[in-house]
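Hi everyone, thanks for coming.

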Amino acid sequence: ERLVEDSESVSVTTWMAHSILGFYSEDDKNDLTQSYAHFNAALDSEMQAHVRTQMMDMPVFAAWVEIIVGEAYRRTERWQESLDMLKYVTEAYSDQPISMPTALYYKAYLEGFLCKTADEGIAGFEDLLAAYPDNDHSDRSVWQIGNLEFTKGNCEAAYDIYYEVLVEYPDSELAVTAEETMGAIATNFLEAAPEGGGTEPPVNM
């Protein structure tokens with residue numbers, strides 16, 4: 001029995017190491033090869049089972065485990081699996097206000113940009129803002145709504161939403177980008193927006 005406990009503890013530690021190194025390799029070193037390798041290792045089903053067993057009595061941590069697994073799927077371009085995991089989190093851990101905004105944010109992102117439609121993504125971000133108006137992803141959620149409106153060809157709506165980012169979140173790192181994007185839209189799209197709108201909005205995860 002002690003050996004089983006030790007094995008599970010080692011698996012949890014190894015899983016955490018792979019997850020952390022996956023984020024570090026991609027975000028800080030821009031090394032996608034190493035990032036993919038670590039995230040794929042963290043997605044090992046046996047290792048995940050050990051982690052879930054260790055965390056099942058701690059819902060705050062369990063929710064974050066599942067969110068990290070969802071992110072590992074997303075960052076290895078397994079988008080539908082990532083979306084399925086985040087849907088599960090939003091249903092199983094809906095009483096966890098600390099982790100729920102992050103799960104809802106990435107769920108809306110996947111729906112809007114990768115798996116479903118722009119309208120579904122917009123609805124997801126709006127639901128997040130309605131449920132948690134002052135969450136850590138508020139500025140970025142408004143920003144992504146602007147991006148999705150732009151992909152739909154709604155340039156005026158996108159302009160107004162970027163302006164909302166600028167006014168409502170002046171200290172956000174996205175404020176300057178929002179102002180620059182408004183200028184580009186005003187110059188290139190507002191008088192004669194091309195049919196279908198832009199295809200590559202300035203998405204910033």
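Predicted model: local features only at pLDDT ≥ 70, side-chain atom pairs only at ≥ 80, totals over all residues.

**A glycine, a core and a pair of helices**

Is G124 buried or exposed? Its relative accessibility is 12%, and buried means under 20%, so G124 counts as buried. Now look across to Y105. Along the sequence, G124 and Y105 are 19 residues apart, yet in space their C-alpha atoms are 7.6 Å from each other.

Next, the nonpolar core. The largest one has 49 residues, and the members that touch the most others are W15, V69, F125, F150, Y162 and I185. Which helix gives the most to this core? That would be helix α6, residues 100–115, with eight residues.

Helix α8 spans residues 138–151 and helix α10 spans residues 174–188; their axes come within 11 Å and cross at roughly 20°. Angles under 35 degrees count as roughly parallel, and therefore that is how we describe α8 and α10. Their crossing is left-handed.

And which residues meet there? From α8 we have D139, R140, W143 and F150, and on the α10 side L174, T177, A178, T181 and I185. Sorted by type, the residues of this contact are five nonpolar, two polar and two charged.

Conventions:
Residues numbered from 1 in each chain as written. Heavy atoms only, no water. Axes fitted to C-alpha atoms, helices over the stretch in contact; angles between N-to-C directions. Helix = DSSP H or I, 4+ residues; strand = E, 2+ residues; numbered from the N terminus. Parallel < 35°, antiparallel > 145°, perpendicular 65-115°, else oblique. Left-handed = near helix turned anticlockwise from the far one by under 90°. Contact = heavy atoms within 4.5 Å. Nonpolar A, V, L, I, M, F, W, Y, C, P; charged D, E, K, R; others polar. Core = buried A, V, L, I, M, F, W, Y, C linked by side-chain atoms within 4.5 Å. Buried < 20%, exposed > 50% of the residue type's maximum accessible area, 1.4 Å probe, protein only.
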